[in-house]
Amino acid sequence: MKWWQKAIFYQIYPRSFADGNEDGIGDFPGITSKLDYLVELGIDGIWLSPHFPSPNWDCGYDISDYCNVAPEYGTLDDFRTFLREAHLRGLKVILDLVLNHTSDEHPWFLESKSSQTNPKADWYVWVDSPPNNWQSCFDGDA
């Protein structure tokens, strides 16, 4: 059996978990301050919901930059400190990483939509008419 098949994970949505700077939004310093508590719960790992920059049309899942941290959650160094401290306590960390769910602000999306002949033109599905009549819960057609 693989380690993750028997592991106990605690999912953290950074925005609402622990606020380290008292601005009303959870952040990496806050999460790091709760690591000992999480260890006491007996978990093996943390499933970290998206913490990347996002315009937040989809609760942070619409990523605009996979290589950085949303400013409201702290800095890349704050993330690195969290990760190091989690590992020092024996906790595994997995990222909720949905690479095919980018923001319309992400460079991949912008390049893909720029022309039908660019190298990333087929990274997204482009159609002239909606493929169905489904409605989005966010804004118009799905």
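This is a predicted model: local features need pLDDT of at least 70, side-chain atom pairs count only at pLDDT 80 or more; totals for chains, interfaces and linings use all residues.
User: Why is Lys120 called buried?
Analyst: Buried means under 20% relative accessible area, exposed over 50%, and partly exposed in between (1.4 Å probe, protein chains only). Lys120 has 19% relative accessibility, so Lys120 counts as buried. Lys120 lies in the segment after helix H6 (107–114). Leaving aside neighbours within four places in sequence, Lys120 is in contact (heavy atoms within 4.5 Å) with Trp108, Glu111 and Ser112.

User: What makes Glu22 exposed?
Analyst: The relative accessible area of Glu22 is 74%, so Glu22 is exposed. Glu22 sits in the loop between helix H2 (14–17) and H3; helices (H or I, at least four residues) and strands (E, at least two) are DSSP runs, numbered from the N terminus. Glu22 also has a positive phi of about 60°, although it is not a glycine.

User: Why is Arg89 classed as partly exposed?
Analyst: Arg89 has a relative accessibility of 28%, so Arg89 counts as partly exposed. Arg89 belongs to the loop between H5 and E3. Not counting residues up to four places away in sequence, Arg89 touches Leu35, Asp36 and Val39. Arg89 and Asp44 are 45 residues apart in sequence, with their C-alpha atoms 9.7 Å apart in space.

User: How do you know which class Pro29 belongs to?
Analyst: The value for Pro29 is 39% relative accessibility, so Pro29 counts as partly exposed. Pro29 is part of helix H3, and its contacts, leaving aside neighbours within four places in sequence, are Gly20, Tyr73 and Asp78. The C-alpha atoms of Pro29 and Thr75 are separated by 9.6 Å, with the two residues 46 apart along the chain.

User: What makes a set of residues a nonpolar core, and which residues have the most contacts inside the largest one?
Analyst: A nonpolar core is a set of buried Ala, Val, Leu, Ile, Met, Phe, Trp, Tyr and Cys residues joined through side-chain atoms within 4.5 Å. The largest here has 16 residues, and those with the most contacts inside it are Phe28, Leu35, Ile46, Leu48 and Phe82. At least two residues of this core come from each of helix H3 (28–33), helix H4 (35–41), strand E2 (45–48) and helix H5 (76–88). H5 gives the most, with three residues. Phe82 touches Phe28, Ile31, Thr32, Leu35, Ile46, Leu48 and Val93, not counting residues up to four places away in sequence.

User: How do you know that E2 and E3 pair?
Analyst: Two strands pair if DSSP finds at least two bridges between them. E2 and E3 have four bridges, in the parallel sense, and Gly45 stands opposite Lys92 in E3. Strand E1 (residues 9–12) and E2 also pair in the parallel sense over four bridges. There, Tyr10 has Ile46 in E2 as its bridge partner.

User: In which strand is Ile94 found, and why is Ile94 called partly exposed?
Analyst: Ile94 is found in strand E3 (residues 92–95). Its relative accessible area is 33%, so Ile94 is partly exposed.

Notes. Residues are numbered from 1 along each chain as its sequence is written. Side-chain values use heavy atoms; hydrogens and water are left out.
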